[in-house]
Amino acid sequence: MPRLVSHPDEVKIVTKRFGMGAANIDKYIELGGYDSLKKCIAEGPEWVINEMKSSGLRGRGGAGFPTGLKWSFVPKQSAKPKYVLVNGDESEPGTCKDHLIFLYDPHAVIEGTMIAGLAIGAKTGFIYLRGEYRYLLEIMEKAVADAYEKGILGKNVLGSDFEFNVITQSGAGAYEVGEESALMESLEGKRGVPRIKPPFPAVVGLYGGPTVINNAETIASVPHVISMGGPAYAAVGSERNGGTRLFGLSGHVERPGIYELPMGYNLKKMIYEVGGGVRGGRKLKAVVPGGSSTPVLLPEEIENLGMDFDQVGKAGSMLGSGGVVVIDDQTCIVEFALRTISFYAHESCGWCIPCREGTDWLKKSLTRFHAGFGTEKDIDNIQYLAENMMGRTFCPLGDAAAMPTLGFVKKFRKEFEDHLNGKPCPFAKHVELAVV
Amino acid sequence: MSPNGSNTETMSIFSPALSARFDTLVAKYPVKRSALIPMLLYAQDEVGYLSDAVIAEVAERIGITQLDVRNVATYYSMLRFKPAGKFNIQVCTNISCMLRGAYELYERFQDELHIGHKGVTPDGVFSLEEVECIGVCCWAPAIQVNYAFHDELTPNDVPKILAEYKGKAGNSGANGSVKNA
């Protein structure tokens, strides 16, 4: 069972009901649950979208797109039904925040979905969980059934004329399905390959209808935005980055766990104070700031780095999914790069050639390199390959594989050079990776 | 569950409970086909893998070709076409787990079970798999045994975990279905 952690610097908004038994609907209601929904029904869609816009809430899946703006793109009139789709296919290595949301506060996901539905004029919402999260799917299914029983879901939501239904769905193991258009394909019972854009999901989405797709953490934040009011929620975070974020500290950190901290919180402080520093008092070598697809940062780059979309972007990386992976000085970066690219090679759906071939060749090159059979030219080739994948694929998976690789090669070129000419790396024990 | 007793149900290879669940599933979505992926997963949970018979019946229930079912099923890494052990041990070795000793853990499982990646023990009780991120990064290293998570492990935890599941296998007989552990 995932262990809850806490730190005095945390600002508990999304996590405030964690560990309080809020998976039980009565407890959730007792703790103020579904009050935001009531308020939204009374105030109407336009008011909801304005609150969302003023909250500065940006997509927690990684792209950081303003949620209110996304909702406002959905056409008011549509011949086809509109849908809300909650992305709980959480698969980015280093990321396990949604895991806790589904476990401890499933009704917040339902309430957020319903508010999104009200705002865009949808009657149906889908909550899609990755297949591995079966026990969490069962928690969500129970929460949905309880909400129907209480008259919260269904024809006349809380006695109003608003109708809303929620359908839960299980995936079956595919990182790519976390991409919004691939997620829609999967939900339609197909292979999870991405669709070309435009048209964007807000216009042509699930079953051809206008669709809003939000990350589970984004959706779970919505009821809190409403209860606090947009401006108050925005004030918690940093400039243009409203609210808090569920940061997942993992890797070589003394106290790993999910911590809810204000947007813009200093990364160095997060590792050394919140996380208790590098495990065993070792030295920090590098940090992956937002899930494995985000370019690595060096210790000197995190000194004054605030963790929000804009500041991390300016530092040459991405806030991504908020999964902070701490790497100590005993780690071989070539092995780390190899393990990272192996994942993307495994998960590439094969739809576009630059991604399918690029990830595979990067994996081959890095495997050879790590085994001590690399050449000087390989380093440049790895960089060349990765650069040529960037921006040349249907979906961001190609970039997600190329970006971190470029980061490793550029920032740790010396370590790559040390591996040359049969000099095996001093730290790693594992040459061959079994996952194919 | 659904009161509809269809023809497929009477000759179904699935248990009555699962058949009833499928009837509900296909009626739940705006498009029948949306039930496909969960159906395959639930069928696999009961039968152990996607046998030809499973694929044939799922295709018929949804109203698509078997080829279409296979085309979709081969995309998803949790779906398999060969039986696994009664308890499928999935060890995550992705970055967060790797940094906290996932390979040492995985090696211990290999040593104890004398099988490698995607291997099955001769008694059919265990199978082993090295898997990608399972979403337990902050409590690494972690494994999944069927659907049950075990986290913050060390190689020394391996014998205890194996003994626990071996005990469960003994209680319900060998070669049973792969259910939630």
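**Two helices and a chain contact**

Modeller: In this predicted model, the axes of helix α3 (residues 36–47) of chain B and helix α4 (residues 52–62) of chain B come within 11 Å and cross at roughly 145 degrees. Axes are lines fitted to C-alpha atoms over the stretch in contact, with angles running from 0 to 180 degrees between N-to-C directions, and helices are DSSP runs of H or I with at least four residues, numbered from the N terminus. Residues are numbered from 1 along each chain as its sequence is written, and chains are lettered from A in the order in which they are written. Local features need pLDDT of at least 70, side-chain atom pairs count only at pLDDT 80 or more, and totals for chains, interfaces and linings use all residues.

Colleague: Which residues of α3(B) and α4(B) meet?

Modeller: B:Leu36, B:Met39, B:Leu40, B:Ala43 and B:Val47 from α3(B) meet B:Val54, B:Val58 and B:Ile62 from α4(B), a contact being C-beta atoms, placed from the backbone, within 7 Å. The residues of this contact divide into 8 nonpolar, no polar and no charged, where Ala, Val, Leu, Ile, Met, Phe, Trp, Tyr, Cys and Pro count as nonpolar, Asp, Glu, Lys and Arg as charged, and the others, Gly among them, as polar.

Colleague: What does B:Leu40 touch?

Modeller: Leaving out residues up to four places away in sequence, B:Leu40 touches A:Ala172, B:Leu50, B:Val58, B:Ala73 and B:Leu79.

Colleague: Changing topic, how many residues of chain B are in contact with chain A?

Modeller: On chain B there are 40, in contact with 52 residues of chain A; α3(B) gives the most to that side of chain B, with 5 residues. That side divides into 26 nonpolar, 9 polar and 5 charged residues.

Note on methods. Two residues are in contact if their C-beta atoms, placed from the backbone, lie within 7 Å.
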